[in-house]
Amino acid sequence: MIKELLETDVRPTIMEDGSDIEHRGFSDGGLLRVKWKECCRGCSSSAATLKWGIERILIPEVKGVE
């Protein structure tokens, strides 16, 4: 379900800005692990995107995102 949400709700929006995100699994504590790709890696707004975009969509399903 989480990978599906990333593919259908998160990635398309991020890709509109020329970036991408990759699912990397879950930590032992249950946090979703993702990897920024393309221009998100060095972008100063990536933390805000993570907090206000990705976490807002996924928090009902996971404990957090790192």
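Modeller: What follows is a set of questions on the terms, each answered by setting a value against its definition. This is a predicted model, in which local features need pLDDT of at least 70 and side-chain atom pairs count only at pLDDT 80 or more, while totals for chains, interfaces and linings use all residues. Residues are numbered from 1 along each chain as its sequence is written, and side-chain values use heavy atoms, with hydrogens and water left out.

Biologist: What makes up the secondary structure of the protein chain?

Modeller: Helices (H or I, at least four residues) and strands (E, at least two) are DSSP runs numbered from the N terminus. By that rule the protein chain has 2 helices and 2 strands, and from the N terminus on they run α-β-β-α.

Biologist: Why is arginine 11 called buried?

Modeller: Buried means under 20% relative accessible area, exposed means over 50%, and partly exposed lies in between (1.4 Å probe, protein chains only). Arginine 11 has a relative accessibility of 19%, so it counts as buried, whereas glutamate 7, with 46%, is partly exposed.

Biologist: Why is the pairing of glutamate 7 and arginine 11 called a salt bridge?

Modeller: The term asks for a side-chain nitrogen of Lys or Arg within 4 Å of a carboxyl oxygen of Asp or Glu. For glutamate 7 and arginine 11 the N to O distance is 2.9 Å, and the pair is therefore a salt bridge. The two residues are 4 apart in helix α1, which means that about one helical turn separates them.

Biologist: Which residues are linked with arginine 11 in a network of salt bridges?

Modeller: The network links Glu7, Arg11 and Asp20. Between arginine 11 and aspartate 20 the closest N and O atoms are 2.7 Å apart, and both of these residues are buried. Arginine 24 and glutamate 22 also form a salt bridge, with their closest N and O atoms 2.8 Å apart; the count comes to 3 salt bridges.

Biologist: What makes a set of residues a nonpolar core?

Modeller: Such a core is a set of buried Ala, Val, Leu, Ile, Met, Phe, Trp, Tyr and Cys residues joined through side-chain atoms within 4.5 Å. The largest one here has 12 residues, including Ile2, Leu32, Trp36 and Leu58. At least two residues of this core come from each of α1 (2-16), β2 (32-38) and α2 (46-58), and α1 gives the largest share, 5 residues.
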